[in-house]
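Biologist: I would like to learn how to read a few features of this structure with you. Shall we go through them one at a time?

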Amino acid sequence: MLTIENLIKKFQQPGGGELTVLDVPKFEIASAEQVALIGESGGGKTTLLHLIAGMLSATSGSIRVDNIELTRLSEQGRDRFRAATIGYVFQTFNLLPAFSAVENVKLGMTFGSGRVDSERALDLLDRVGLAERANYRPNQLSVGQQQRVAIARALAGRPKLLLADEPTANVDPASADSVLDLIIDSCRSESIALLMVTHSMDVADRFERIERLEDINRIPALKQS
Ligand SMILES: Nc1ncnc2c1ncn2[C@@H]1O[C@H](COP(=O)(O)OP(=O)(O)OP(=O)(O)O)[C@@H](O)[C@H]1O
């Protein structure tokens, strides 16, 4: 469902010049496959997730998700693609502070199909163990609960691919396990492909497939030029 070929990503540097962060000849994920992505800090893992989500544009090469060639889309086209196809769980949750848990989940639906299904929003909150907290705002929830709302929001638009960038990095160890179970089990039950960045081998060991960025990227983390 994801095929990357000859992907190059360069960034303009603040002081002038360009930095090549990624040179990925080939990387593929099958439908409903679950993959952990590990690698050195600064290697380009978040950059790769942003490219797959269409939040960044590639310098060259091909990224196909669900048979859509992202590199041919305009920025607006990539926004539409992301809303329809991708769920994204951030390290820092990114919930809207003025909205309740259930409103945050419903926002995940308006980005997707555009249709708000209140029953599914409550059902998702129930699934993440927060049915009783549906009307709480993010600052009235614990950190682990906020991440569970963010997971419900990411699933709300029925994505085909869930991208998760260190989703357990900012939650306590006990909540981290339940957050991880929730992501892995929800993707399995809804046949959603999953690509999760993690620094934890304990987390990575829960996955059927572990990829090291260094093995798919020709640019070493410390020698980006
Ligand atoms: N917008 C940008 N402009 C310039 N350089 C950038 C930009 N975004 C990222 N970089 C550079 O790209 C490289 C890869 O960053 P990225 O955040 O993808 O790494 P990472 O593997 O996710 O790191 P970590 O594990 O520490 O989160 C870094 O050297 C970073 O400085």
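Biologist: At what angle do helix α5 and helix α6 pack?

Modeller: Helices (H or I, at least four residues) and strands (E, at least two) are DSSP runs, numbered from the N terminus. Axes are lines fitted to C-alpha atoms, for helices over the stretch in contact, and angles run from 0 to 180 degrees between N-to-C directions. Here α5 (residues 143-156) and α6 (residues 173-189) pack at about 10°, and their axes are 10 Å apart. That makes α5 roughly parallel to α6 (angles under 35 degrees count as roughly parallel, over 145 as roughly antiparallel, 65 to 115 as roughly perpendicular and the rest as oblique). Please keep in mind that this is a predicted model: local features need pLDDT of at least 70, side-chain atom pairs count only at pLDDT 80 or more, and totals for chains, interfaces and linings use all residues. Residues are numbered from 1 along each chain as its sequence is written.

Biologist: Which residues make the contact?

Modeller: Two residues are in contact if their C-beta atoms, placed from the backbone, lie within 7 Å. From α5 come G144, Q147, R148, I151 and L155, and from α6 come S175, V179, L182, I183 and S186. They divide into 5 nonpolar, 4 polar and 1 charged (Ala, Val, Leu, Ile, Met, Phe, Trp, Tyr, Cys and Pro count as nonpolar, Asp, Glu, Lys and Arg as charged, and the others, Gly among them, as polar).

Biologist: Which residues of helix α2 are buried?

Modeller: A residue is buried if 20 or more other C-beta atoms lie within 10 Å of its own, exposed if 12 or fewer, and partly exposed in between, with C-beta atoms placed from the backbone. In α2 (residues 75-85) the buried ones are R78, R82 and T85. Seen down the axis of α2, they fall within an arc of 90°, so they line one face of the helix; the arc is that of the directions from the helix axis to the C-beta atoms. An α-helix has 3.6 residues a turn, so residues three or four places apart point the same way. The cover over the buried residues of α2 includes β4, β6 and β7 (161-165).

Biologist: Where is D66 placed, and what is its phi?

Modeller: D66 sits in the loop between β4 (60-65) and β5 (68-69). Its phi is near 55°, a positive value in a residue other than glycine. D66 is partly exposed, with 15 other C-beta atoms within 10 Å.
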